[in-house]
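Trainee: I have a model open and would like to learn how to read it. Could you take me through some features?

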Amino acid sequence: MSALNIKKGSSSHSAYELRDPNGDLIESHTLAVVVDNESGVLARVIGLFSGRGYNIDSLTVAEVDHEGHLSRITVVTRGTPPVIAQIKAQLDRLVPVHEVHDLTAEGPSVQRELALFKVAGRGEARIEALRLAEIFRANVVDSTLESFVFEMTGTPEKIDAFADLMRPLGLREIARTGVAALARGA
Amino acid sequence: MRQMTGARMVVQALKDQGVEVVFGYPGGAVLPIYDEIFQQNDIKHILVRHEQGAVHMAEGYARSTGKPGVALVTSGPGATNAVTGLTDALMDSIPLIVISGQVPTFMIGTDGFQEADTVGITRPCTKMNWLVKDTAKLAETLHQAFHVATHGRPGPVLIDIPKDVQFATADYTPREAAKVSHYQPRVRGDEALIAKLVDLIETAERPVFYTGGGVINSGRTASTLLRDLVAETDFPITSTLMGLGSYPASGKNWLGMLGMHGLYEANLAMHGCDVMINIGARFDDRITGRIKDFSPHSKKVHIDIDPSSINKVVRVDVGIVGDVTLVLEEVLRQWRARGSKTNRAALPKWWAQITEWRAVKCLTYKNSSTVIKPQYALERLEALTKGMDRYITTEVGQHQMWAAQFLGFEDPHRWMTSGGLGTMGYGLPASIGVQVAHPDALVINVAGEASWLMNMQEMGTAMQFRAPVKQFILNNERLGMVRQWQELLHGERYSSSWSEALPDFVKLAEAFGCKGIRIDDPADLDEAIKEMLAYNGPVIFDCRVEKHENCFPMIPSGKPHNEMLLGDADTQGVIGAKGAVLV
C-alpha cells in the first residue's frame, strides 16, 4: 500500500478499504497450474494476476503433455495467506485450468531454475570467475579470450548468490528461465 | 456426420441447444450467419439499434427465463459495443452466449477494416471466450460455450468467428457427440460442513438468512426449498438487490432488502445476529459497509457455487461450496432427520427485537399534494399492478433503490436489475428482452430520465417487434443519486448532475410511434398509470417527480450497519472524509 502513499490507518483517499489487516504477513508461494494448451491461456492467467492486483515474481510455462494438450505453468507469487488462498481459488475457477497445486503448502518440493551468465574480463578476474564457477558447478557453454558464458541450474537463491559473486568480476548479462518445481516423493 | 458451412453450423448449434431468440445487429463479418438466419424460421432474430442493447436484451431474456441469452454482433465496433453488457453479465452471473464475427483468419493482425482483438478485449469480461480458427472445431466449441455459460457460476461467454471460418465447410458435431468438457464444477455441498450449519440452525439465538442472486440462478426449486426452510425454522430472511423474489415480499419472515439503501430492520438484524446464513450472495461492498464492523458478533455460514467467493471479502466460519438447490436439499434432509430443532427459547426474543425495528417504519417519507414523490409513484404503481403477470426492470440510481424498496416481488425471475456493474442504460433494452421472452406479460422498466436516455434508441426495437414495454420514467431532471451524494458529501456543489436540454418525452414517444404520457400532479397519477397499463403497445411515461428527494434509509459510506440514516432530519456532517471516498 505504500506505493499509493497512503498514511497508515487512513482510507480517506480511496473509494474502498485499503488497509490490509494482514499486511505484515506476506508469504511467497510456488503454484503449479495445469492448463489446456490453447491460445490465450497464458494471457488469461497473467490477466487474472494483473487484473486483481496480485504479484508475479516468476513464471514459466511449457507444454508437458502433447497428446493431452496440457501445459504446466509454474508461478511464484507473494501475498498474505488470505490473498494466496484467493489466488488459488481464482486460478482454479478459470475454465481452461485443470489443476492448481500450492507446492509451498502441500509439502516439500524441488525448485530449480536455469540461468546463463555472461562474464567478461581478463587476468585475475577471469581466473577467479572460472574458479567460482567450478565451486558452484556452473558449466562453461561459451568461451572467448575475453569472456565466458556460464550455465547453471539451481534454486533461485543459488543463482542470486552466483550473480552477486560474478558482478565485481565482470558480469555483463544474465538470462533466467524462472522457477520450475515439482513436489518431492511419489 | 453432416457437412455444412460454419455459418450454418452456428444456426444448427443454436437450434440443438434449444435457442429460440437471438438479439443482434448485422455487419460485414457476420453476413454469412445472417444469410443462414434469413433462410430458416426456428430461431427468431431481434434486430437491435446498438450492440449494447443486444447484450442487455439477452440479459433480460436470461434473467427472466433462467435460460441462457444469445446475442450476435459483428467484428470491431460490434464487439467493442458488446463489452459493457458482457461485463454486466459477468458481475451479476448471467449466462450469455455472444457470437461475434471477425475478419478472415489470414487478415487477423493486419489492422484490417473493422478488426479488433475481440478475444483480447473480452477476456477479462467473459467467463470464457474462444477464437475459432477451424470450421471443424466450430460446432464443438459452440456446444462447449453453452456448457460453460450455464454450469457452475453462470456467466457470459463469447465465440469469435472469422468470416472465412463461416464460409468454409466441415463435418457438424451434434450436441450429443460433443466431447465431455473437463469443466465440471462442484455442485454438491460437503455433508460434514452442512452438518455444522445444521448445528448452528439448531442453537442460534438470533439467526438471519441473507440470500442473493445465487438462489435465483440455481433455479426455481431453490426458491421453493428456501421458502420451506424459512417456514420451518421461522428465521427472519433478508436479501440482496439481486436476490429479490426468491422469498416472497408478502412472506411473514421477510425483512426487506438489506444493504446501503436496505431496510432498517434488515440491516440491524444483520448487525445484531449471532448466526448469519449467506445463501448465494457474495458480501458485496454495498452490503457490508465497513468490513471491520460488519456483523461483528455472528458466526457466518456461506453457501456459494464459486469457491473463490468464500473468504474473498468476509472470513466465514463455515464455507460450503455447492449449488444452492443441492445444498438446501441436504440441509433440510439433515435438519429434519435430526428432529427439526431450533432454539425455541431464544427466537421469540429475537423476533420481538425485530418487531421493534420494524416499528420504526424506515420507508416513511413526506408525501405531498402538489408534487409527485417518487416513492408515492412507485407505491401507486405497485398497488395498481398487484397480482398482474408482472416483470420489472430498472436502470441504475435512486429510482432503482426506490423500486427495490417499494415494489414487492413474490417470485424469482420477476426482477431484472444491474446490480454488480450498475449499468445506466440497462433497463430499457433489458425490458425488451423480458418482453420477447414473455410476450403476454406486463413488463415495466422503472427508470430515471438520465439512465433512460443512454439507450433510448432501443425504442425503435420495441416498436419494430411490437414489444409493449412500459417505460416508467421518474423524471427529476437530475442524476438523482449523484446529486444526493453531492448534497451530502460535496458541499451541495451540484457538479454536472442535472439534465438540461431534456427531450419532450411525449413528442419523443410520438416520434417513435408509441404512446407518451406526461404527468406532474399527484391527483392524476392513478388515472395516468391505468392509461399506461391499458395501452396496447410501448409507452413512455414521463412522471415528473420531486427534484430533490433523497433516497433513505442509507448507510453512510464508512459506517457500520447500525449507524444508518433514516431520513432528511440530519444528514449534514454525518459522513466524514473517510466515508466520502467510499461512495
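Trainee: At what angle do helix H1 and helix H7 of chain B pack, and how far apart are their axes?

Mentor: Two packed helices are described by the angle between their axes and by the distance between those axes. In this predicted model, H1 (residues 6–16) and H7 (residues 138–150) of chain B pack at about 35°, with the axes 9 Å apart. The crossing of H1(B) past H7(B) is right-handed.

Trainee: Which residues make the contact?

Mentor: From H1(B) come B:Gly6, B:Met9, B:Val10, B:Ala13, B:Leu14 and B:Asp16. H7(B) supplies B:Leu138, B:Ala139, B:Leu142, B:His143 and B:Phe146. By type, the contact has eight nonpolar residues, two polar ones and one charged.

Trainee: Is H7(B) largely enclosed or largely open?

Mentor: A residue is called buried when its relative accessible area is under 20%. Eleven of the 13 residues of H7(B) are buried, so the helix is largely enclosed by the rest of the structure. Among the buried ones are B:Thr141, B:Gln144 and B:His147. The buried residues of H7(B) pack against H1 and also against strands S4 (69–73), S5 (96–102), S6 (128–131), S7 (156–162) and S8 (169–172) of chain B.

Trainee: What span does H7(B) reach, and what comes just after the helix?

Mentor: From first C-alpha to last, H7(B) reaches 19 Å, close to the 18 Å expected at 1.5 Å a residue. Just after H7(B), B:Gly152 takes a positive phi of about 65°.

Trainee: Which residues have a positive phi although they are not glycines?

Mentor: Look at A:His69, with a phi of about 50°, and B:Ala501, with about 55°. A:His69 lies in the loop between strands S2 (58–65) and S3 (70–79) of chain A, and is partly exposed at 47% relative accessible area. B:Ala501 belongs to the loop between helices H21 (480–489) and H22 (505–512) of chain B. With a relative accessible area of 79%, B:Ala501 is exposed.

Trainee: And which peptide bond is cis?

Mentor: The bond from B:Phe552 to B:Pro553 is cis, with omega near -5°. B:Pro553 is in the loop between strand S20 (539–544) and helix H24 (577–580) of chain B.

Trainee: Last topic: in what order do the strands of the six-stranded open sheet in chain B run?

Mentor: The order is S11-S10-S9-S12-S13-S14, and the pairing is parallel. S11 (254–257) and S14 (318–321) of chain B are at the edges with a single partner strand each, so one side of each has no neighbour in the sheet. Neighbouring strands are turned by 15° against each other on average, direction ignored. Helix H11 (residues 220–233) of chain B packs on this sheet and touches S9, S10 and S12 of chain B. The direction of H11(B) makes about 170° with that of S9(B).

Notes
Residues are numbered from 1 along each chain as its sequence is written. Chains are lettered from A and ligands numbered from 1 in the order in which they are written. This is a predicted model: local features need pLDDT of at least 70, side-chain atom pairs count only at pLDDT 80 or more; totals for chains, interfaces and linings use all residues. Side-chain values use heavy atoms; hydrogens and water are left out. Two strands pair if DSSP finds at least two bridges between them. Helices (H or I, at least four residues) and strands (E, at least two) are DSSP runs, numbered from the N terminus. Axes are lines fitted to C-alpha atoms, for helices over the stretch in contact, and angles run from 0 to 180 degrees between N-to-C directions. Contact means heavy atoms within 4.5 Å. A crossing is left-handed if the near helix is turned anticlockwise from the far one by less than a right angle, and right-handed if clockwise. Ala, Val, Leu, Ile, Met, Phe, Trp, Tyr, Cys and Pro count as nonpolar, Asp, Glu, Lys and Arg as charged, and the others, Gly among them, as polar. The expected span of a helix is 1.5 Å times one less than its number of residues. Buried means under 20% relative accessible area, exposed over 50%, partly exposed in between (1.4 Å probe, protein chains only).
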